Amino acid sequence: MLRLRTAALAALLGIWACGGDTTTSPAPGQTGTPGGGGTPSGGTGAPTRIVFQDPGTGFPNTNVGPFEDNVPVTPGIRYLVRAVPMDAAGNVYNQLTLDWSVAGGGSLDHAETSPAGGADATLNGWSVGHNEGVQSVTVTLPAFPAVQGTLHVQALNLHAVGISPSTTGPLTIGLGQQMSLTARLLTGNGQPFQWPITFEASYGGPPCANFGGLPGGFGATPSATPALSFDAATDAQGTATVTYTGPTMFIGASCPVLILAGPAISAGGIASSGTTLVWTGNVTPAPATRIIAVSGSGQAGSPGATLAHSLVVSVQDAFGNGVAGVVVNWSASSGGFVTPTSVTTNVGGQLSATWIVGSASGTQTATATIPGGAHVTFTVTVS
């Protein structure tokens, strides 16, 4: 199954390896050397700001980049926060004590870190409170009281609901079919929330999940190139609409498509969370549109002989998939005949037949035709 961004919250923001003795690497661009006593090191002047960064190498499932402010998260989740003192030029100060505090709910693993520059001195584990609303963590520098940084989150029990089509029953999806899907993001009390919705598709369950065929994709418009994962912006009502293009490969009625929608992960590394919306869809095969020769044409034989190699054809749909259960009718020139004269394609859309050529010397033909008129012609040289 494809990676589901909303389900990835457990890995991104759940029980991360965290603690007072975990060693991390410096942030990219960090300078200076470890020291003690609270004297800043690494810059030439004084720090002017607190920057929130990726927790650092060694922590699993962390996204690189500065954390974004004011993103939605699920109440009660826990994640790492790394605060880095910097000056206006981006120099990092790594021998300062940082004070941490929370507002709006939640708690920290330890309210005051040890002097920065060693171990996890700039890290803290923030457990967001279980109440909904804006919560924040603030970091200050006792040696520089005017310098502080605050990171906000919106603790919300978000959930996605299907507006169109209905999610109560499976969809019927034709190969390559395009349809509009509309979802809405709501808070726990039913209010619309404006935040991107991620749409993804996958095949449900083994062995379908390991199949190489793509389950379809999404785009903003019918003319857009489909993407396996697509973030759609919502309007003021929390609603987003995408165009879903069904798969172009039929892998069997026992492999339904799962279309999922839920709150997107932010670009800066903090993930949103919420209930994931699921549409299920049964893919239907496309009708046969063409028949092609696989092997058996161009042989040579004597008058009235049965050719050494069978005539093999493949009946396909517009996407090149073999179509099972199609009746193929044969005809031959010069008094020859193909047996059986009417035969049905197998599960892969193929069939074979035997050609007994006529008594006339020269080029003879045999033609295979499917309902609708599509046909293919074989030749043999008789002498």
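This is a predicted model: local features need pLDDT of at least 70, side-chain atom pairs count only at pLDDT 80 or more; totals for chains, interfaces and linings use all residues.

Me: Which strands stand at the edges of the open sheet of five strands?

Reply: The order of this sheet is β10-β17-β16-β12-β14, and its pairing is mixed. An edge strand has a single partner, so one of its sides is left without a neighbour in the sheet. The strands in that position are β10 (171-174) and β14 (229-232).

Me: Which residue of β17 stands opposite Leu 171?

Reply: Strands of a sheet pair through backbone hydrogen bonds, either parallel or antiparallel. Here β10 and strand β17 (residues 277-284) run parallel and are joined by four bridges. Opposite Leu 171, the residue in β17 is Gly 281.

Me: In the open sheet of four strands, which are the edge strands?

Reply: The four strands follow the order β1-β3-β6-β5, with antiparallel pairing. A strand at the edge pairs on one side only. This applies to β1 (49-53) and β5 (107-108).

Me: What is the bridge partner of Gln 53 in β3?

Reply: Strand β3 (residues 78-86) pairs with β1 over five bridges, in the antiparallel sense. Within β3, the partner of Gln 53 is Arg 82.

Me: Is the pair of Phe 199 and Phe 218 stacked, edge-to-face or tilted?

Reply: A pair of aromatic rings is described by the distance of the centres and the angle of the planes. For Phe 199 and Phe 218 the centres are 6.0 Å apart and the planes meet at 45°. Planes under 30 degrees apart would count as stacked and those over 60 as edge-to-face. The pair of Phe 199 and Phe 218 is therefore tilted.

Me: Is Phe 378 buried or exposed?

Reply: Phe 378 and Trp 330 form a tilted aromatic pair, 5.7 Å centre to centre with 45° between the planes. This pair links distant parts of the chain, with Trp 330 in strand β21 (residues 327-332) and Phe 378 in strand β26 (residues 375-382). Trp 330 has a relative accessible area of 8% and is buried. The relative accessibility of Phe 378 is 0%, so Phe 378 counts as buried.

Me: Is the disulfide of Cys 208 and Cys 255 left-handed or right-handed?

Reply: A disulfide is a covalent bond between the sulfur atoms of two cysteines. The sulfur atoms of Cys 208 and Cys 255 are 1.9 Å apart, and both residues are buried. The torsion about their S-S bond is about -75°, so the disulfide is left-handed.

Me: Which residue's backbone oxygen does the side chain of Gln 364 reach?

Reply: Gln 364 is found in strand β25 (residues 362-369). With a relative accessibility of 1%, Gln 364 counts as buried. Leaving aside neighbours within four places in sequence, its contacts include Trp 355, Phe 378 and Val 380. At 2.7 Å, its side chain reaches the backbone oxygen of Ala 360.

Terms used: Residues are numbered from 1 along each chain as its sequence is written. Side-chain values use heavy atoms; hydrogens and water are left out. Two strands pair if DSSP finds at least two bridges between them. Helices (H or I, at least four residues) and strands (E, at least two) are DSSP runs, numbered from the N terminus. Rings of Phe, Tyr and Trp (its six-membered ring) pair if their centres lie within 6.5 Å; planes under 30 degrees apart count as stacked, over 60 as edge-to-face and the rest as tilted. Buried means under 20% relative accessible area, exposed over 50%, partly exposed in between (1.4 Å probe, protein chains only). A disulfide is a pair of cysteine sulfur atoms within 2.5 Å. A polar contact is a pair of N or O atoms within 3.5 Å; within protein, one must be able to donate a hydrogen and the other to accept it, and residues adjacent in sequence count only if both atoms are side-chain atoms. Contact means heavy atoms within 4.5 Å.
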